[in-house]
Amino acid sequence: MTIFKRMLEGGIIDKKDPELPKLWKQVSQTIALSSALNSAIDTNQIRAQLSKIIGSAIDSSTIIFVPFHTNFGKHTRIGKNVFINHGCSFLDIGGITIEDDVLIGPKVSLITENHPIDPANRKSLDLAKIVIKKNAWIGAGAIILPGVTVGENAIVAAGAVVNKDVANNTIVAGVPAKFIKSIQ
């Protein structure tokens with residue numbers, strides 16, 4: 001199994017993995033493409049440039065504002081009628097899926113990467129995917145941590161740090177994010 005498939009499977013990628021140079025090569029390509037993305041002057045150019053980075057076409061109903069940052073890109077999937085506001089950062093080595101009709105506020109961070117606690121192994125990667133389900137709303141400045149699924153129609157309040165799954169039709173807020181109420 002290639003390093004890219006293993007990354008999407010989640011878990012530890014050892015700092016001495018012989019395939020790590022393939023990852024760093026892709027990261028370098030993403031950095032090079034990010035300049036054109038973040039200097040794009042309209043939503044069509046933004047979609048085209050981000051499509052090159054992620055390796056699949058972004059639907060014309062989806063709007064992304066720049067600046068937008070990603071370290072890898074190839075493991076992000078974005079649905080239809082999605083809105084991503086200014087200043088978002090997607091660390092997607094572990095995989096990010098954003099389903100249809102999702103709203104993502106400014107300065108949101110989706111982070112699929114962590115590191116082991118053991119100091120001797122800390123430079124290894126500990127990966128877990130993030131899934132944002134249909135019609136969810138992620139508020140400004142929220143941080144979604146590795147392994148989290150945000151349920152359908154759920155709302156993550158501005159500034160929340162989400163380290164556990166968010167149920168469908170609920171609102172969470174705080175650090176760490178906690179259940180606030182159900183959405184009727």
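Predicted model: local features only at pLDDT ≥ 70, side-chain atom pairs only at ≥ 80, totals over all residues.

User: Which residues touch the most other members of the largest nonpolar core?

Analyst: A core is read from its members and from the elements that supply them. Here the largest nonpolar core holds 36 residues, and Ile-84, Ile-98, Val-150 and Val-156 touch the most other members. Two or more residues each come from helix 3 (43-54), strand 6 (88-91), strand 7 (96-98) and strand 12 (130-132). Helix 3 gives the most, with four residues. A separate core of ten residues includes Ile-3, Met-7, Ile-13 and Leu-20.

User: What is Ile-98 in contact with, beyond its neighbours within four places in sequence?

Analyst: Among the contacts of Ile-98 are Ile-84, Phe-90, Leu-110 and Ile-132.

User: How many salt bridges does the count come to?

Analyst: A salt bridge is read from its atom distance, and then from where its partners lie. The count comes to four. In one of them, the closest N and O atoms of Asp-17 and Arg-6 are 2.6 Å apart. Asp-17 lies in the loop between strand 1 (11-13) and helix 2 (20-38), whereas Arg-6 lies in helix 1 (residues 3-9), so the pair ties together parts eleven residues apart in sequence.

User: Is Asp-17 buried or exposed?

Analyst: Asp-17 counts as buried because its relative accessibility is 11%, under the 20% limit. Arg-6, at 24%, is partly exposed. Arg-6 also forms a salt bridge with Glu-19, at 2.8 Å from N to O. Through shared partners, Arg-6, Asp-17, Glu-19 and Lys-22 join into one network.

Key: Residues numbered from 1 in each chain as written. Heavy atoms only, no water. Core = buried A, V, L, I, M, F, W, Y, C linked by side-chain atoms within 4.5 Å. Buried < 20%, exposed > 50% of the residue type's maximum accessible area, 1.4 Å probe, protein only. Contact = heavy atoms within 4.5 Å. Salt bridge = Lys/Arg side-chain N within 4 Å of Asp/Glu carboxyl O.
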